[in-house]
Amino acid sequence: MNQYDYIIVGSGIAGLYTALLAKEQGSVLIITKGSIDDCNTRYAQGGIAAAIGRNDSLELHFKDTIAAGDGLCDEEAVRILVNEAPDRITDLVNFGVPFDTLNGEIALTMEAAHSVSRILHAGGDATGEHIEVTLSKKVRESKIQVLEDCLATEILVEKGRVNGIKALDCRTGSIEKFGCRFLILATGGAGQLYKFSTNSDIATGDGIALAFNAGAEIVDMEFFQFHPTALRLPGVTPFLITEAVRGEGGILRNVEGHHFMPDYVPAGDLAPRDIVARSIVYEMEKTGSDRVFLDVTHLPPKIITTRFPHIYRFCLDHGLDITKGLIPVAPAAHYMIGGIKTNNWGETNITGLFVAGETACTGVHGANRLASNSLLEAVVFSRRIVKRTAKEAETEVSYTSQGKEVHHSLGQRQVPETAPAPSLSALQQLHWDKVGIIRNKESLTQAADILAIWQKSLPQPADRPSYELSNLMLTGRLATEAALLREESRGAHFRSDFPQSSSRWQHHIVLVK
Ligand SMILES: Cc1cc2nc3c(=O)[nH]c(=O)nc-3n(C[C@H](O)[C@H](O)[C@H](O)COP(=O)(O)OP(=O)(O)OC[C@H]3O[C@@H](n4cnc5c(N)ncnc54)[C@H](O)[C@@H]3O)c2cc1C
């Protein structure tokens with residue numbers, strides 16, 4: 001078995017950035033299940049947040065993040081996030097990420113729930129693509145070993161410590177073992193749980209399933225962020241229309257033309273994502289439509305074509321000139337807020353297992369992620385992982401648990417011995433209908449029962465699609481059981497049977513095997 005100091009699973013921002021830093025400390029192998037550029041990172045549009053503007057401060061970024069998190073942020077982790085942000089931006093600039101500039105300075109834009117303009121962007125609305133292309137080019141130049149089409153299937157743990165990983169060669173179907181001192185999961189989110197999602201195909205919760213099966217703690221899975229505005233055109237996969245469009249003055253209208261967001265909250269179109277997403281659902285129900293509209297026709301066309309060239313072109317390719325016509329939109333699953341529980345050094349409860357990026361739950365997002373804090377979280381905590389592991393020769397790394405939390409094991413449900421084989425589309429429909437933007441005890445219980453039946457009936461996975469379905473099924477069960485346990489509404493989790501938040505629930509739900 002080949003041996004490495006670091007094995008990194010995933011090649012989005014978290015995996016690539018970690019690899020570039022880790023190569024200074026030892027040998028590095030990146031395993032990624034598709035090609036190096038297959039990830040959610042490359043689809044990020046709006047940008048990355050950092051308090052670098054003249055009228056901004058670390059304190060203001062801290063306050064905005066805490067406010068969005070609705071009582072569940074880990075304050076120490078948020079301090080780290082905002083304090084280390086400017087230096088991580090400098091790193092990205094030094095790696096060559098071409099952030100947009102205005103009059104010689106980095107240009108900053110506004111997004112919902114940020115109190116000032118603090119979002120850096122690249123190529124207008126192609127921030128993620130520029131980050132991904134820049135970092136993957138650096139990785140190639142650095143001669144870091146990358147195994148593409150290689151899907152991690154099992155974490156190898158011996159005497160409580162990770163010592164490697166099993167992976168499927170998706171081309172040959174063979175399983176191989178790789179040994180390491182440090183394993184870093186950077187496997188991204190699980191948006192493929194839902195029928196309508198902005199996520200790429202890779203977002204199948206693999207890291208959650210791998211870590212859970214190895215004995216790691218999974219936390220905050222009831223919080224899944226739905227983006228309010230994904231393009232809703234028949235036959236077109238939901239394409240994100242970034243919040244920055246509303247930041248630049250775009251407004252939401254229902255199908256009758258009414259500008260409705262000010263009816264719900266004073267912040268109107270720039271209210272936090274969960275509020276805008278739910279308001280859209282109410283407007284769609286009220287008007288009997290499956291969409292609302294985003295209106296930018298009052299903005300100068302030049303702003304639209306220069307600030308949002310990617311969106312402009314995509315819509316034009318689908319017959320819609322957004323400088324003249326309204327954009328049909330509806331909410332879509334967007335970001336997995338919960339994940340594998342880590343401390344402020346990216347460590348998990350399993351020695352040698354570290355987690356970075358969307359699949360980690362560092363506690364910075366609380367119950368609701370502030371827009372553009374996720375790319376930032378990936379770079380801030382990836383660097384801390386490398387710092388921590390570099391020190392391990394001197395001091396043994398130890399995991400410390402933080403915050404108020406209640407532990408549950410994934411309950412057994414009574415399920416029949418046989419059941420029809422589930423499909424990806426059935427799973428996605430079930431989640432959209434029962435574990436969606438608005439959930440309640442009845443819908444969640446139905447989903448939990450069905451998922452338990454399906455999970456039991458899955459055959460042993462043998463190829464990429466079957467591993468992914470199995471991982472999604474487990475991730476879906478964790479999200480559903482957590483949502484069932486939390487009998488309140490908070491942040492991204494809205495229960496129609498418990499529409500208020502309650503101090504009784506000001507703690508995290510941790511799920512263990
Ligand atoms: C449309 C869209 C727009 C967004 N806009 C923004 C934004 O403007 N600002 C912001 O901060 N955030 C944004 N986000 C969120 C942000 O892009 C993601 O949270 C972030 O890119 C995640 O990075 P990551 O490295 O953790 O995961 P990803 O970039 O998703 O990478 C995961 C990697 O893991 C690999 N992988 C997964 N499972 C396995 C396995 N079993 N074996 C091997 N490899 C595996 C995948 O192939 C992939 O390479 C957006 C997300 C989407 C979908």
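I165 makes contact with I7, V9, I31, A152, E154, I155, L156, E176, K177, F178 and L183, leaving out residues up to four places away in sequence. Keep in mind that this is a predicted model.

**Helices α12 and α13**

- Look at helix α12 (residues 424–434) next to helix α13 (residues 441–457): their axes come within 9 Å and cross at roughly 160°.
- An angle over 145 degrees counts as roughly antiparallel, and α12 and α13 are therefore roughly antiparallel to each other.
- As for handedness, α12 and α13 cross in a left-handed way.
- On the α12 side, the contact is made by A426, L427, L430, H431 and K434. Across from them in α13 sit S443, L444, Q446, A447, I450, L451 and W454.
- Sorted by type, the residues of this contact come out as 8 nonpolar, 3 polar and 1 charged.

**Two residues with positive phi**

- As background, most residues other than glycine have a negative phi.
- D149 has a positive phi, near 55°, and isn't a glycine. You'll find D149 in the loop that runs between β8 (145–147) and β9 (150–158).
- S372 is another non-glycine residue with a positive phi, this one near 70°. Its loop lies between β19 (360–361) and α11 (374–391).
- Are these residues buried or exposed? D149 is partly exposed, because its relative accessible area is 23%, while S372 is buried, with a relative accessible area of 7%.

**A112, a buried loop residue**

- A112 belongs to the loop between β6 (108–109) and β7 (119–120).
- Buried means under 20% relative accessible area, so A112, at 4%, counts as buried.
- Which residues does A112 contact, leaving aside neighbours within four places in sequence? They are E243, L270, A271, L370 and A371.
- A112 and T41 are 71 residues apart along the chain, and 20 Å separates their C-alpha atoms.

Terms used:
Residues are numbered from 1 along each chain as its sequence is written. This is a predicted model: local features need pLDDT of at least 70, side-chain atom pairs count only at pLDDT 80 or more; totals for chains, interfaces and linings use all residues. Side-chain values use heavy atoms; hydrogens and water are left out. Axes are lines fitted to C-alpha atoms, for helices over the stretch in contact, and angles run from 0 to 180 degrees between N-to-C directions. Helices (H or I, at least four residues) and strands (E, at least two) are DSSP runs, numbered from the N terminus. Angles under 35 degrees count as roughly parallel, over 145 as roughly antiparallel, 65 to 115 as roughly perpendicular and the rest as oblique. A crossing is left-handed if the near helix is turned anticlockwise from the far one by less than a right angle, and right-handed if clockwise. Contact means heavy atoms within 4.5 Å. Ala, Val, Leu, Ile, Met, Phe, Trp, Tyr, Cys and Pro count as nonpolar, Asp, Glu, Lys and Arg as charged, and the others, Gly among them, as polar. Buried means under 20% relative accessible area, exposed over 50%, partly exposed in between (1.4 Å probe, protein chains only).
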